[in-house]
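This note sets out comments on the structure shown here, arranged as numbered points.

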There are 2 protein chains.
Amino acid sequence: MKLLNTTPRKDGFRMPGEFEPHEGCWILWPERPDNWRLGAKPAQTAFVKVAEAILQFEPVTVGVSARQYDNAVASLPAGVRVVEISNDDSWVRDCGPTFVKNDAGVIRGVDWEFNAWGGLVDGLYFPWNQDDLVAHKICEIERKDSYRTDGFVLEGGSIHTDGEGTLFTTEECLLSEGRNPHMNKEEIEETLKEYLGVQKIIWLKRGIYNDETNGHVDNILCVVKPGTIMLAWTDDKNDPQYEISAENLKLLEDATDANGRKLEIIKMPLPRPVLITKEESGGVDAIEGTLPRMEGDRLAASYVNFYIANGGIVFPLLDDATDKQAEELLKKAFPGRKTVGVSAREILLGGGNIHCITQQQPK
Amino acid sequence: MKLLNTTPRKDGFRMPGEFEPHEGCWILWPERPDNWRLGAKPAQTAFVKVAEAILQFEPVTVGVSARQYDNAVASLPAGVRVVEISNDDSWVRDCGPTFVKNDAGVIRGVDWEFNAWGGLVDGLYFPWNQDDLVAHKICEIERKDSYRTDGFVLEGGSIHTDGEGTLFTTEECLLSEGRNPHMNKEEIEETLKEYLGVQKIIWLKRGIYNDETNGHVDNILCVVKPGTIMLAWTDDKNDPQYEISAENLKLLEDATDANGRKLEIIKMPLPRPVLITKEESGGVDAIEGTLPRMEGDRLAASYVNFYIANGGIVFPLLDDATDKQAEELLKKAFPGRKTVGVSAREILLGGGNIHCITQQQPK
């Protein structure tokens, strides 16, 4: 497959919205015992449930290392395609390709440089070279030409688009010292426009409180459809999240999108704070260089971290009364889609949620 | 993708001839230093040349372990697709799927049990579990349903078909103690008919002298087209190969194929005996359990071990005057195809040749 030296914008490509039709969904199989407790067995069970849920709506491919290949094949439903893809961890939203599309329906991949959410500054583990090859390997398997952004670091979870020219991101992440400190905000904006075919960037300030990704936008906001977004929200003024969400709300209320529209904003409540238990912390290997999982640490739990499938919404259940409220809001926001909740605590314990472990491939 | 519990014959599938149109060609990247000298670098160069030659005619995909992924991408021509596939060695003819096809043009894979050419009886290395997953992984990447023959061991290099109901194989290999000692010849015939959709098996006795695969048919014979085969031949009665080839010639002259045709037989001369040099032997790691490469050992050199591509023949050059003779015979036998010779000594040193390191995927 070709590695292209132009940019998607120059070639007439744009990133579609997640709500546009998919060819299928990519997932990577979790295994590292210094991030996932008990040798990743509970996480693997949770990932299987996510794969099963999405498989109701569209084809699912799971990438897995050689070590875990047999186990993944044995654990996943028969209809899931399993391919060998080494990785340093299982966040294909972040290390996978961002697919772009042109008017003729051609699909290409953007293969961002990946440095484990901050490289040697504040990255979450070392090394990350296998992760950084994942996007290329997926494009090769799918016979898609790709653009590689050497010298520009980005994770797919740090951007959301409406597919009509607007991109949402956070300053906390994209202006962080561990990503692209050699570039200023304008240069970063220009690069996003070139590689995603967007015209306008709406910058939020910060993401979810204590989010180890430096505040990925996909944990605090999602695009329901052009002109409508969903924002993670709390009414509890004593929660450190309140100030963050309120600040973003103000920004969003004042913003217009690429088409000059004001945004409709749906507030999605947070669950009660979710803390790591002693037992959960005790099941994780301690490895120098990997972010530890300490008892009592607050997890970056949020319902907006769901996956939009063809005709479906696969969203996290977090064992809280808010689960029901979240589902009702999702049903209302996505009237044409069936909502499927999946118990997601084991995914959250690894540092992300359903949106983070999935990557749509547009049709 | 589905694992089917029926058989290709029951489902109306048959193995096409190699000369029928291809979707593309599969190759695995060589790397094990206990089989390939000098850390497999000379072999990698030779494999690149084979990939380049085939790429003139049809798409090429190379499977490679995670360890060698970057190096393979950097070494191979840009047009080659590179996917991650762990393996114990690089003989995709033998561990890859045998593709079968039905009248509607549907392609499926036969995933034979693989045991490194003889398992614990006289296999060439241990373990072979990654090799045994290669066929499954290729079928998953290509989204092909497959048949798995647990309890029946076979390598793709031990069979050749005319695509019209006739299969060629050798007793030396298929009746060997290390393959299926629990089955008699009739049971093996029946299994071949079920999984390859053939009606008649033509059994040769032995393969090329000193061939470590227990005499794979693809090193001594190939099918040019239905009714015409090419047989490796020597006129030197003092060569131990003479008796083997003469015995097979008699069998073939007396045989009729599945359609009742007598066979036209083209004699392809062998090169002079090719022996391993001291330098070549010295470049190979000594590992208990892997067949050693000893100075002076005769290699199983044969020109019939070539690859038929769409519109092309990619054949081995063996630094002998016979190279030219081989090319002329191939040009005459395949008038519609362009012949491309590739220097193959480094492949031969690993125990096989161009046909052994390739696997066609029918269109």
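The points below take up the contact between the chains, then salt bridges, helices, individual residues and backbone geometry.

1. The model is predicted. The values that follow should be read accordingly.

2. **Extent of the interface.** In the contact between the two chains, 23 residues of chain A meet 23 residues of chain B. About 1900 Å² is buried between chain A and chain B, and 44% of this lies on carbon and sulfur atoms.

3. Four salt bridges are counted between chain A and chain B. One of the pairs joins Arg143(A) to Glu142(B), with 3.9 Å between the closest N and O atoms; the cut-off for a salt bridge is 4 Å. The count of residue pairs in polar contact between chain A and chain B is 10, with both residues at pLDDT 80 or more.

4. **Composition of the chain A side.** At least two residues each come from helix 3 (69-75), strand 4 (81-84) and helix 6 (129-141) of chain A on the side that touches chain B. Helix 6 of chain A contributes the most, namely six residues. By class, the residues on this side of chain A are 11 nonpolar, five polar and seven charged.

5. **A salt bridge between distant parts of chain A.** Over all chains the count is 58 salt bridges. In one of them, the side chains of Glu194(A) and Arg9(A) meet at 2.9 Å, N to O. Glu194(A) belongs to helix 8 (residues 185-196) and Arg9(A) to helix 1 (residues 8-11) of chain A, so the pair, 185 residues apart, links distant parts of the chain. Glu194(A) is buried, at a relative accessible area of 15%, whereas Arg9(A) is partly exposed, at 34%. Both residues belong to a salt-bridge network that also includes Lys10(A) and Glu190(A).

6. **A salt bridge within one helix.** Asp254(A) and Lys250(A) form a salt bridge in which the closest N and O atoms are 2.7 Å apart. Both residues lie in helix 9 (residues 240-254) of chain A, with a separation of four residues, about one turn of the helix. An α-helix has 3.6 residues a turn, so residues three or four places apart point the same way. Asp254(A) is exposed, its relative accessible area being 51%.

7. **A salt bridge between two loops of chain B.** Arg272(B) and Asp320(B) form a side-chain salt bridge at 3.0 Å, N to O. This pair, 48 residues apart, also links distant parts of its chain: Arg272(B) is in the loop between strand 13 (264-269) and strand 14 (274-275), and Asp320(B) is in the loop between strand 17 (312-317) and helix 11 (322-333) of chain B. Arg272(B) is exposed at 57% relative accessibility, while Asp320(B) is buried at 13%.

8. **Surroundings of Asp323(B).** Asp323(B) is in helix 11 of chain B and is buried, with a relative accessible area of 12%. Leaving out residues up to four places away in sequence, Asp323(B) touches Tyr303(B), Phe315(B), Pro316(B), Leu317(B) and Leu318(B). With Leu318(B), the side chain of Asp323(B) reaches the backbone nitrogen at 2.8 Å.

9. **Helix 2 of chain B.** Buried residues in helix 2 of chain B include Phe47(B), Val48(B), Val50(B) and Ile54(B).

10. **Backbone geometry.** The peptide bond from Phe126(A) to Pro127(A) is cis, with omega near -5°, and Pro127(A) lies in the loop between helix 5 (119-122) and helix 6 of chain A. In chain B, the bond from Phe126(B) to Pro127(B) is likewise cis, with omega near -5°. Ala40(B), which is not a glycine, has a positive phi near 70°; it is buried at 0% relative accessibility. Asp319(B), also not a glycine, has a positive phi of about 55°, but Asp319(B) is exposed at 54% relative accessibility.

Technical notes
Residues are numbered from 1 along each chain as its sequence is written. Chains are lettered from A and ligands numbered from 1 in the order in which they are written. Side-chain values use heavy atoms; hydrogens and water are left out. Contact means heavy atoms within 4.5 Å. Buried area is the accessible area (1.4 Å probe) that two parts lose on being put together, summed over both. A polar contact is a pair of N or O atoms within 3.5 Å; within protein, one must be able to donate a hydrogen and the other to accept it, and residues adjacent in sequence count only if both atoms are side-chain atoms. Ala, Val, Leu, Ile, Met, Phe, Trp, Tyr, Cys and Pro count as nonpolar, Asp, Glu, Lys and Arg as charged, and the others, Gly among them, as polar. Buried means under 20% relative accessible area, exposed over 50%, partly exposed in between (1.4 Å probe, protein chains only).
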